Amino acid sequence: MNKIQVITSINHEEVEFLCEPQETLLDVLRETLGRTGTKEGCATGDCGACSVLVDDRLVCSCLVLAAETGGREITTIEGIATEEGLHPIQQKFLDHAALQCGICTPGLIIATKSLLDRHPDPDETTIRYWLAGNLCRCTGYDKIVRAVQDVARDLAGPA
Amino acid sequence: MSESIDYKLVGTSPVRPDGVDKVTGRAQYGADLNLPNQIHGKVLRSPYAHARIKRIDTSRAMAMPGVYAVITGEDFPPPPEHGDVGGEAGGSIGDLARVIMARDKALYHGHAVAAVAARSLRIADEALAAIEVEYEVLEPVLDLDAAMAPGAPLLDENCFTKNLPEKTDKPSNIAEVMVLSRGDVDQGFEQADVIVEGEYRIPMAHQGYIEPHACIANTNEAGQSTVWCCTQAHFDFRAITAKVLNMNVADLKFIASEIGGGFGGKTVVYLEPLAVLLSLKARRPVKMKMTREEVFRATGPTSGTHCKIKVGAKKDGTLTAATAWMAYEAGAYAGSPMGAGAMTVFVPYDLENFKVEGYEVLLNKPKVGAYRAPGAPQSMHAMESAMDDLARELNMDPLDLRLKNAAEEGTRAPYGPKFPVIGLKECLRAAKAHPNYTRALPEGAGRGVAVGFWFNFGLQSSAEVHINENGTVTVVEGNPDIGGSRASMCIMAAETLGVPYESVRTLIGDTESTGFSNSTGGSRTTFATGMAVVRACEDIIAQCRARAAVTWGIDEDQVLWVDGQAIPASGVNDELKPLSLADIAENAAKTGGPLLSRASLTAKGAGPSFSVNIADLQVDRETGKIDVLAFTAIQDAGRAIHKAYVEGQLQGGAAQGLGWALNEEYIYNADGIMENAGFLDYRMPVASDLPMIDTHIVEVPNPRHPYGVRGVGETPIVAPLAATANAVRDAIGIRIHDLPLSPPRVLAALDAAGD
Amino acid sequence: MAHVVFPGHLLAVTDGEAELDVPACNVRELLAALEQRFPDAGDELRKSTIAIDGLICQDAFLETLRPDSEVFFMPRIAGG
Amino acid sequence: MEAFAYVAPSSIDEAVAELAKHAKKGHRAQVLAGGTDLLVQLRGADIEPRILVDIKKVAETNRLHLGKNEIFIGAAIPSAVLNENTELVELLPGLLEAADLIGSTQIQGRATLGGNLCNASPAGDTIPAMIAVGVSCVIIGGKGQREMPVEKFVLGVGRNALKAGEFLVGLKIPRPKSRSADAYMRFIPRTEMDIAVAGCGVSVTLDAKGLCKEARVAIGAVAPTAILVPAAARALIGTTLDDAALAAAAAACSDAASPITDKRGTIDFRRKVVGVLCRRATAIARDRALARKALGV
């Protein structure tokens, strides 16, 4: 097997790995690099559990070849919190009980970050359509949407 | 009814103790563990829905470099002849053994016929392709009518219908019949002023948990195996794996990973015995995970059904008689929720005359598994639709019609016993009083209501409570946390002990490190395991009072436990300074050693839980597409321990019920191959499909639980089916009997009505 | 003396008897008495969920029965 | 060919050379742009090894140019990037709506117009929208560059006009004339994440009085390929795009459809709904064109 060497950056840290040409970024994150915070729900781009940011663009890591990621900046769920603690999105998901089983949560948090980076003050419809690619089977989305609204309110600061 | 009690923590919504790991990606789910030297297992699945397996040749696969083990049905001990699957999933262990690995017949497309373990997934796939299977393809039986018809091809020549009045020696695809009746229905219908009838069909539907099944088994040369897996029931998984492989339970250790959803679907064993056996042969850890497609094709969805309902009532709305005929798809092997369907169909109502006839039918589809309130959504969809039709005929408010006939404490349930304290009328009144019930609808929109129900369960639970040396509390129990149950356990422990929520942590023990518990299912965890936790905490309090008594040198009965500390009974020994849990723990070495307690029980008296749902929706008359405008879930929780997670259960169940009502279904082609085995075409609701889901928690406490818990997980999925169908009826004036209410079906109904 | 009621699906193993009174102080005694009377029924009865005076028990055995207790045998129920 | 390989040429010449090399050897080479269809195929139905030629590093496939007379959209530009270009969205709202409908936000970040077109699914959302606005495909191969209209490019289910060694570099679109506008609508059972059960792209140009002087109507998911429906256009031209004209165009679309019954919809349903979509999309295109007319653009 002709393995390909890739040097990329994951959560602002240079990472080097070998991959097969048809391996996906999800495969490499989970199996080669042990970053299992990114989840696999379908491997066909239909559930969003494997959402990551590639150069700040929201994508399903199951639909990105690992070989394509050389020189890119990849953000995974493991890179969302900082030394100061949880990211506000993570905290609001907890405060609002916006997760039950939690398997979709990493993908939803990444997707929410991408949403708020682009639309800091989204209305409910914008939130729901932005997150439509992230399936959650436990919550009915209600508390997730409320958590996102609450983060947005906080980011907007006191009126 | 019950006096209001001021709890400090019960009914609040603190952050769950396992939360940070779940929002940072640290929490380990079924597929997240990798072991040194591990290899990968994959399953070869039948390409036919019905076929005799004539020969399997694994020699080419076994000879491939990188392949460590290949197994087929021949590598398993004969399926056990006796015994049922305990508690949850239903069916016999022998049949489950055949689901895990087909023996002489493949009974559905996707049925496991062989498995391999190899160095990489790619090699495993190549090895699967190298296994030669010779099939004799048989005609598949794919729907209830065909399966029940005389002369239908038989799935099992040794299946003789159970519970017939006369024993039969003619094999049949009808595995079981069941009749429930009371009174005289003919006479009851004679007394009726109005009679409505309907015939309803619902296709098979899947739980749709986002995490595919996954496990890793590490079996040593002595045949001892450690299995890590995502499961709702690691103790039950251990038991089944032991029976299917004829192993000693003591040689199996099951560790429950975090679990990415189950809804009943992860009470059933599929991969674990394969992984244990492959690992034994390969002498390496074997990891197995299903693809999403395998989850759809080869795990246990819930029954497709066919129900016929007839209900009669007097002009004032009093029900006089009702009959139901229902057939439930069991899939390839017996064991379906038909019994629960039959028991729940008329359960909300005080009915003097009724008859329910139920059939459980084998066909060439996967063996059904448990899915949230198994059996009830289908049968209650039929009855609650008929009740809506009846209310229209009688020109009565649909909630008033239900209130008029609603069961209450002392009403005889259709399944026999009298109801204990229940909250159906409270839910109906709450619905009537809810602003969402009277809010004006947009032009052309419709509103529907329906009632839901589940028995709720008890079963066995164990719990231990350890007091750490600084007075913090560790609760250990054996129920995988699927939706925040650790937080509920912490609340109940902290409330009972009188300590802050933050000082309690709850762990889920593996099968070697804590006592037996049945599954996280049937809405039993907060009820039964919670009861064990409370009892163990009460034992800790008793111990603390004894420790305080010896510390102070006074009698134990002179010590009270108030707000998390031992205090002397009032009036005497007032000079003694209260001893907190931390004080007692710190001094434990001198007063008898570490503080720990445990409780184990078979919980009785789970409280039945009723719900009422209100659905508002709009129908696009040109395309048949339904837009859900508002949804209100009202349910009797007994007592909500963690309020937000109770609301979450109501909202999640509503979303699943709406999905089932609107678009979800197993679509089969003529060969018995599911055509939509993926999230693209098995259309579960996405965020933009749903509105906010309003909840209203009714609390009629269950006297059998220390905090009044009934259990809340099952009931929420029941009412949305009929509430949606009734709202469509309201919006377009047409009763559509079958689900899902997908756009082509709705548009066809509109066209047929000449719209 | 408990009043015992069998649902329709059990009548095949109870010789068609739907209701009867059985002298028993607890479920263990009740099951033993029923098994003696209906030798084919033992397995089915022991697998059943039992409701005693409205209280549903999945694994009933030691529960005490009052002289006027009502005992219903129900199919075992699955749960999600 | 024994194994997979991945190459990412950085120029058109390199890409052409790469494709030519494999074509000559008879090896299977497949062009990778967004990969949202290709990677799913690699996991499922089509697992045979091949050479994956990633064209995203070729500058021309990423070029977006809004010229005076012509717009060029590189074949590898993700839909999300296109939709962030407000000028483009204003010029071709229908085409961009179609691009915006392909999958989730995640898919948007990868999926390209070029990929949607080359994948040649009967239900590809952007194809009817492209036909409606008269898109030409810019194809490059060993023998140089050629162009052809989209409606000729798609040959059948999953089949396109690319020859071995060729790839799609980009799309050329005539800049919409004054008082013109386009619209695209599709039908799916949910609000997102589904494949179109029927789709309709429309573009109209009004004259100074507000009469429709040019129109193109294309429908998708109701035939083996997306098709242009000249009869629908004829029903619109010369009218004020009033209800009667819209109804006539809708009927023409229903007539032109030759759908199948499958897991996503029935023949009857698709035939009816494609007419409804035509009517609704035409009304949107008309209103947009009227708004432009009012603004004098």
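User: What percentage of the 755 residues in chain B is buried?
Analyst: This is a predicted model. A residue counts as buried when its relative accessible area is under 20%. Among the 755 residues of chain B, the buried share comes to 67%.

User: What radius of gyration does chain B have, and what would a compact globule have?
Analyst: For 755 residues, a compact globule would have a radius of gyration near 27 Å. The value for chain B agrees with this expectation. Along the principal axes, the C-alpha atoms fill a box of roughly 85 × 75 × 50 Å. The radius of gyration of chain B is 27 Å.

User: How many helices and strands does the secondary structure of chain B have?
Analyst: Helix α15 of chain B, covering residues 485-497, is one of the helices. In total, the secondary structure of chain B comprises 21 helices and 26 strands.

User: Is B:R486 buried or exposed?
Analyst: B:R486 lies in helix α15 of chain B. Residues under 20% relative accessible area count as buried. Because its relative accessibility is 9%, B:R486 is buried.

User: Which residues does B:R486 touch, not counting those up to four places away in sequence?
Analyst: Contact requires heavy atoms within 4.5 Å. With residues up to four places away in sequence left out, B:R486 touches B:P17, B:D18, B:K22, B:E258, B:D481, B:T506 and B:I508.

User: How far apart are the mean positions of the positive and negative charges of chain B?
Analyst: Chain B has 69 positive and 93 negative charges. A mean position is taken for the positive charges and another for the negative charges.

Technical notes. Residues are numbered from 1 along each chain as its sequence is written. Chains are lettered from A and ligands numbered from 1 in the order in which they are written. This is a predicted model: local features need pLDDT of at least 70, side-chain atom pairs count only at pLDDT 80 or more; totals for chains, interfaces and linings use all residues. Side-chain values use heavy atoms; hydrogens and water are left out. Helices (H or I, at least four residues) and strands (E, at least two) are DSSP runs, numbered from the N terminus. Buried means under 20% relative accessible area, exposed over 50%, partly exposed in between (1.4 Å probe, protein chains only). The radius of gyration is taken over C-alpha atoms; the globule rule is 2.2 Å times the number of residues to the power 0.38. Lys and Arg count as positive and Asp and Glu as negative; His and the chain ends are not counted. The place of a charge is taken as NZ of Lys, CZ of Arg, CG of Asp or CD of Glu.
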